[in-house]
Amino acid sequence: MNHCLTALALLLACPPLQPAAHQDKPVLKVFLLAGQSNMGGHGVVDLDHEQYYNGGRGILTRVLEDPLIAKEFGHWRDEDGKWVTRDDVFVWYQPGRGPLKAGPLSIGYAVYDDLHHFGPEMELGWVLGEYFEEPVLLVKTAWGGKSLMKDFRPPLSGGEVGPYYKQMLAEYRAALMGFEKRFPELAGHEFQLSGFVWFQGWNDMYVEGGLESYANNLVNLIRDLGDHFRKPRLPFVVGQTGNANNEKLWAAQEEATKWSGFGNRAAYVPTRAFLRKPEDSPNTGHGHHWFGNAESYLRIGDALGRAMVKLIDKRKTRDKK
C-alpha cells in the first residue's frame, strides 16, 4: 500500500505530460473520461439468469435483436455474430478493484473483471473513431460512490483537494507515460489531449451542500483541468445524471456548462430519455445504474460522443475564420 501511495505522490509531483512538437509524427487523439460508477459501466451484455438478470430483458444481445436498435448499433456484431473490436480506438481503464484493462475498443471495459458488461465508452469510442482519421485513446477514470463535493473536489473550490481528483490526474499520466509499450500499434504517435467527458452526479444528492455547490464545483473542476493540462480551450461534455429524478442536480449540471468563461467549448447532454423501465431491464433494483439496461448505455455513449464531435467541429470552424 505504501509503495502505491509513493508512486501516486511521484506522479502528482511531476508536471503534466506535454508531447514534444513534431509535425512529422502521427497524432493520437486522447480523451479523458471521468465520473463515478455509471461512467465505469453497468450495461449487461449477455447474462440472462431468470432470477438475477430478469431473464435477460434489456441485455445487449437481446436489444440488438430489435431491428430498429440494430439499425443504429448493430455495428457491434460481425457477420458471424461475434463482438467487433476496433483497431483504431483504444481504452485504458484501471477499475477500483481488479487488473488494468487496456486494449482495442470492444465490450468488457466496465467495473467487473469479465466480458459481460460495458459502459458509455463503447459507443462513445465508436462515434469518435468514425469521426477522426487519427487513432483515438480513451483514458477512463471512474470509481463508484464518489461525489464532486468531496471526492473529486478541485483545487479552485478551496479546502482539501479531493483524493479522486488527484487519482484522476495520476491515472491519466500513468496511461500516457507508457502508451507505446501498452499499445504497440500506436508506437511513434504523438498524443494530443482532445477532450474531457464528465458523467457523475448521483452521490452529490446525498452529501451535505453537494447540490447547492455542484455547478460551482464543476466549473472549478473544468478550469483546474484546463490549467493543469495547459489547455484552457479543452472541449468538454457533461452528461446529465438522467437516472436520478432530481431537477436541482440537472439544473446545476447544465448551469456549469453555460459559465461565461467557457465560451463554445462546453456541452450539456440530456440523458433522461434513455432511462428504461426496470421490468424491461436486467437489474430491476439498480436504478442508480440505469437498471443495467444495455440500450441506455449505448444511447448515453452515443449522445456523449456526438456532443463532443459537435464541439470539435465548432472549434474547427471558428479557427478557420
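Modeller: The buried residues of H8 are Tyr214, Ala215, Asn217, Leu218, Val219, Asn220, Leu221, Ile222, Asp224, Leu225 and Gly226, where buried means under 20% relative accessible area, exposed over 50% and partly exposed in between, with a 1.4 Å probe and protein chains only. This is a predicted model, in which local features need pLDDT of at least 70 and side-chain atom pairs count only at pLDDT 80 or more, while totals for chains, interfaces and linings use all residues. Residues are numbered from 1 along each chain as its sequence is written, and side-chain values use heavy atoms, with hydrogens and water left out.

Colleague: Which elements do the buried residues of H8 pack against?

Modeller: Helices (H or I, at least four residues) and strands (E, at least two) are DSSP runs numbered from the N terminus, and contact means heavy atoms within 4.5 Å. H8 is mostly covered, with 11 of its 15 residues buried. Those buried residues pack against H6, E7, E8 and H9.

Colleague: At roughly what angle do the axes of H8 and H9 cross?

Modeller: Two packed helices are described by the angle between their axes and the distance between the axes. Axes here are lines fitted to C-alpha atoms, for helices over the stretch in contact, and angles run from 0 to 180 degrees between N-to-C directions. The axes of H8 (residues 214-228) and H9 (residues 247-257) come within 8 Å, and they cross at roughly 35 degrees.

Colleague: Which residues of H9 are met by H8?

Modeller: By class, this contact has 7 nonpolar, 1 polar and 1 charged residues, counting Ala, Val, Leu, Ile, Met, Phe, Trp, Tyr, Cys and Pro as nonpolar, Asp, Glu, Lys and Arg as charged, and the others, Gly among them, as polar. From H8, Tyr214, Ala215, Leu218 and Val219 meet, in H9, Leu249, Ala252, Gln253, Glu255 and Ala256.

Colleague: Why does Met205 count as buried?

Modeller: Met205 is found in the loop between strand E7 (190-199) and H8, and, leaving aside neighbours within four places in sequence, Met205 is in contact with Leu211, Ala244, Asn246 and Leu249. Met205 counts as buried because its relative accessible area is 18%.

Colleague: Which backbone nitrogen does the side chain of Asn246 reach?

Modeller: Asn246 is found in the loop between strand E8 (236-239) and H9, and at 16% relative accessibility Asn246 counts as buried. At 3.1 Å, its side chain reaches the backbone nitrogen of Lys248.

Note on methods. Polar contact = N/O pair within 3.5 Å; in protein donor to acceptor, adjacent residues only side chain to side chain.
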